[in-house]
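Welcome, and please open the model in your viewer. We will go from stop to stop, selecting one piece at a time.

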Amino acid sequence: MDDAWFAQLYEASYRRLVVIVLSVSSDVGVAEEVVQEAFLRAYARQSRLRTVHNPEAWVCTVALNIARRRRRRHGIAMRALLRRAGDPTRAERPDGSIVVDDELMDAIAALPDGQREAVVLHYLADLPLAEVAVRTGVAEGTVKSRLARARSTMQQALQDRRPHGVTNADLLQEAEDHG
Amino acid sequence: MDELDRRLAASRDRLRDRVTPPPADHLIARARRRRTQRRAQVAVVGLVAVLAVAVPIASLIGGQHRAVPAGPPSTGQVVTVPTTVTVTTTRGPSPSNPQSGQSAPASSGASGTVASLAPVTAATTIDAGQPILGIRGGYELFARSPQAVARIQFAPGRVTVKPAPGIQSGAGAFFLVGPHAVIARAWDLVPGFLMPDDGLATELPGALSGGGGNTFPGPELGQVWVEETANGAESGVDKLLLVGLDGKKTSVTIPMSGPPLAPDGDGYVLVRGANCLYDVRPDGRTCIASGAELDLVAVGPTGWLLRPCAKNEHCTDVYIDRRTGQHHQTSADINPQQWGVISPDGAHAAVLVPSPDGSDASTLHLIDLRAGTDRTVTLASSPDPSAPSYGSNMAWSPDGQWLFLAAGQIIAVDPTTGHSQAVTGIPGDVDYIQVATRPAPAR
């Protein structure tokens, strides 16, 4: 096998794919695990991968499929976000793992699927509207309207303050009590 | 820029800066360990299965130890084309292609070696005067090697082999047949060739000569879809053009927003959407199956064999009838590296699965699409499944009675019995990697 070709694909695509997978997983750590798993499967099927026109798109499809399956299996992404409770400073964690703007990520995670995908692909993965439309299988106009609705929802969510004293741990417990 | 935009941009930049891939060699080492573990699991499962069968049989025969003669190899019978009747030879390389007749390296991954084979340096016709394989049907088989193209006319018993330029592409080539010619067109920018029935290889003409990318069969024999890419479009293909084998463009196009996945088996293309597999034609697209976990197993004019996976990850191959849209469950659970082919009568799907141990032997699955059963045939000589063949290492006869494989030799398989035969004696002992069939041209 041509490991150099595979390594080049991996290194060139990894970051982009992690961000794209965030449209499903909403958790950077999970997204990284998913993308690594997708590349492990891609390596096993390298001969097939080399016959496709766009290998990165192929790995991306595999990664999104894995992420969607995990999401079904483990519950909604919100719960995964809430498991990161105890992180009130919203700063970098001691282990050095990535912390993004958690309030923003909470707001994104709470969006309906179509709006969340559009926001992550366009604003975080930096894909043009036309490509978001292709990847989500809808018209470009639909992407625009989803983004507009999502922005309105997120702005409202970010303005709303949580009641003083309620922590992520409390919310997690509440979610599990109801789940 | 408002507060929301600022936070989105900051998050995007932080993700971009801070997401770092673990070293590629670590990931590759993990992938290799996983492969080794899986092979070990397959070996254990196989051993258990053998013991489960062997122990009861040993009990039945009373524990006697006998030497059992080995059975015939699965690719046992050899059909040799008679060579004693008429041989006509036309010498001379292609005037337009000085490489004609020279030994050329196989494309990456092509099975077998070329160096030890005798090069085809002249067009040679063997006229046996009797049907080959007893086939009297009005169709022909074309086979491509890195050195030559063979045309086998079964009913009259005629075989013509002509030198062909090697296509030195690591990405492989498409091999497509027209009413009066065949073409080989590389996936990348390496030049291909056109081989007319009545002449030697020439360069690809007109719209076929540039580009590369996918080249899929069109709705009429002698038409192909080629990709057109807008300047600067990172995602690639923005339309498919219908082009004749003479290189002339037609006015028919299919708008695209990315490359097609595969031919649809009926002259158009399949495209994978976000949650749907589409059959795409110039007048629109049809979702033929939805689901995030959906693999394409085989295509043909009557429908598609797909492999959806349920939420519990149970996967089974399902045949979708193109005309009725009905789904037919099969007992097969195959996820091939390259798509297989469904017979023109919709009776069988042929899917090739490489040996898990990486040996030359492969398993051919012959799935009876009406009964849903899966018959497997072990091929001692088989196409290299890792070679990019774009589905053309197998081809059905137009009547669905034979499956032909290019596996170095040309192998003919009877789908009803699974019996396979190697066709040998074709002049110029070359290594065939692709096949295509067509109805015999009208006289």
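Begin in chain B by selecting β15(B) and strand β16 (residues 276–281), which pair in the antiparallel sense over four bridges. Strands here are DSSP E runs of at least two residues, helices are H or I runs of at least four, and both are numbered from the N terminus; two strands pair if DSSP finds at least two bridges between them. A hairpin of three residues links β15(B) to β16(B), and L270(B) stands opposite D279(B) in β16(B).

Before moving on, note that this is a predicted model, in which local features need pLDDT of at least 70 and side-chain atom pairs count only at pLDDT 80 or more, while totals for chains, interfaces and linings use all residues. Residues are numbered from 1 along each chain as its sequence is written, and chains are lettered from A and ligands numbered from 1 in the order in which they are written.

Five residues lie between β14(B) and β15(B) in their hairpin, and G265(B) in the turn has a positive phi of about 90°.

Now select the open antiparallel sheet of chain B with the order β7-β8-β9. Its edge strands, each pairing on one side only, are β7 (173–177) and β9 (193–196). Between β8 (residues 181–186) and β9(B) there are four bridges, and F193(B) in β9(B) is the bridge partner of A184(B).

For the next stop, pick V182(B), F404(B) and V435(B), which touch the most other members of the largest nonpolar core, a set of 99 residues. Such a core consists of buried Ala, Val, Leu, Ile, Met, Phe, Trp, Tyr and Cys residues joined through C-beta atoms within 7 Å. Buried means that 20 or more other C-beta atoms lie within 10 Å of a residue's own, exposed means 12 or fewer, and partly exposed is in between, with C-beta atoms placed from the backbone.

Finish in chain A with helix α9 (residues 140–159), whose 20 residues reach 29 Å from first C-alpha to last. Which residues of α9(A) are buried? Select V143(A), R146(A), A150(A) and M154(A). They lie on the same side of α9(A), because they cover an arc of only 65° around the axis, taken from the directions from the helix axis to the C-beta atoms. On the face turned away from that buried side, look for the exposed residues G141(A), A148(A), S152(A), Q156(A) and Q159(A).

How values were computed
The expected span of a helix is 1.5 Å times one less than its number of residues.
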